[in-house]
Amino acid sequence: APPCAEYSLGLGGGGRELTCTIWCGKSPDSGRPWLFAGGQDCSARLIEVPGATGSDDNGGARIIQQLQPHPTAIRAAYFSRHPSSMTGLVVSGGGKLALRFWRLSYIEGDLVPCRLIDAIEVEPESDQDHRVLALHGCIAWWGEPSGCCHVVVSGDSEGRVAVFLASEEV
């Protein structure tokens, strides 16, 4: 099994669309699952999902951290982490081609507060309906995990693709 599992999905209905990226804190079998959720209301949250790894903890999901809101609705999210790193990168995107880059840190498998690294608009003059609709990427590193960078690719509502090289420096 890979050291970190990541799944992206969109949930919708009744005008309450939600974009989610789900990943495990340390590994699929020993880490606790976490969810990054963003939606139509511009909110961004980190949520713990207990019991999802087969443990006896069947309590409900709880918000770990309410992140700084997006300027527009969130339409896409992506998570990336080097297998031996104790940090990770979450990228979220939405209308007006707005992107947010967040740094996650782990201490003994537990997620600690997420920090905003950067907030950009790919094209500052874009209108509300010009949206980031897809995000994906991969790890790029040279030697040690401390030299880790992330290649992030975004696709927008007009069929264009943008590529970013992001570090986890705060």
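## A tour of the chain

Ser-92 touches Phe-36, His-70, Ile-74, Ala-76, Ala-77, Ala-98, Leu-99, Arg-100, Trp-102 and Leu-135, if you leave out residues up to four places away in sequence. Please keep in mind that this is a predicted model.

**Ser-92**

- You will find Ser-92 in strand S7, which covers residues 87-94.
- Ser-92 has a relative accessible area of 0%, so it is buried, since buried means under 20%.
- Its side chain makes a polar contact of 2.7 Å with the side chain of His-70.
- The side chain of Ser-92 also has a polar contact with the side chain of Trp-102, this one at 3.3 Å.

**Strands S6 and S7**

- Strand S6 runs over residues 74-80, and six of its seven residues are buried, so the strand is mostly covered.
- S6 pairs with S7 in the antiparallel sense, over six bridges.
- Together S6 and S7 form a hairpin, with six residues between the two strands.
- To see the pairing for yourself, look for Ile-74, which stands opposite Gly-94 in S7.

**Val-152**

- Val-152 sits in strand S11, which spans residues 148-156.
- Val-152 counts as buried because its relative accessibility is 0%.
- Which residues does Val-152 contact, leaving aside neighbours within four places in sequence? They are Tyr-78, Leu-89, Val-91, Phe-101, Leu-135, His-136, Gly-137, Ala-162, Val-163 and Phe-164.
- Gly-137 is 15 residues from Val-152 in sequence, while their C-alpha atoms are 4.3 Å apart in space.

**The whole chain**

- How many helices and strands does the chain have? There are zero helices and twelve strands.
- Read from the N terminus, the elements therefore run β-β-β-β-β-β-β-β-β-β-β-β.
- The chain has 170 residues, and 44% of them are buried.
- Among contacts with a separation of 6 or more, 41% involve residues 24 or more positions apart.
- The chain exposes about 8,600 Å², and carbon and sulfur atoms supply 52% of that area.

Definitions and conventions. Residues are numbered from 1 along each chain as its sequence is written. This is a predicted model: local features need pLDDT of at least 70, side-chain atom pairs count only at pLDDT 80 or more; totals for chains, interfaces and linings use all residues. Side-chain values use heavy atoms; hydrogens and water are left out. Helices (H or I, at least four residues) and strands (E, at least two) are DSSP runs, numbered from the N terminus. Buried means under 20% relative accessible area, exposed over 50%, partly exposed in between (1.4 Å probe, protein chains only). Contact means heavy atoms within 4.5 Å. Two strands pair if DSSP finds at least two bridges between them. Accessible areas come from the Shrake-Rupley method with a 1.4 Å probe; for residues, only the protein chains shown count as cover. A polar contact is a pair of N or O atoms within 3.5 Å; within protein, one must be able to donate a hydrogen and the other to accept it, and residues adjacent in sequence count only if both atoms are side-chain atoms.
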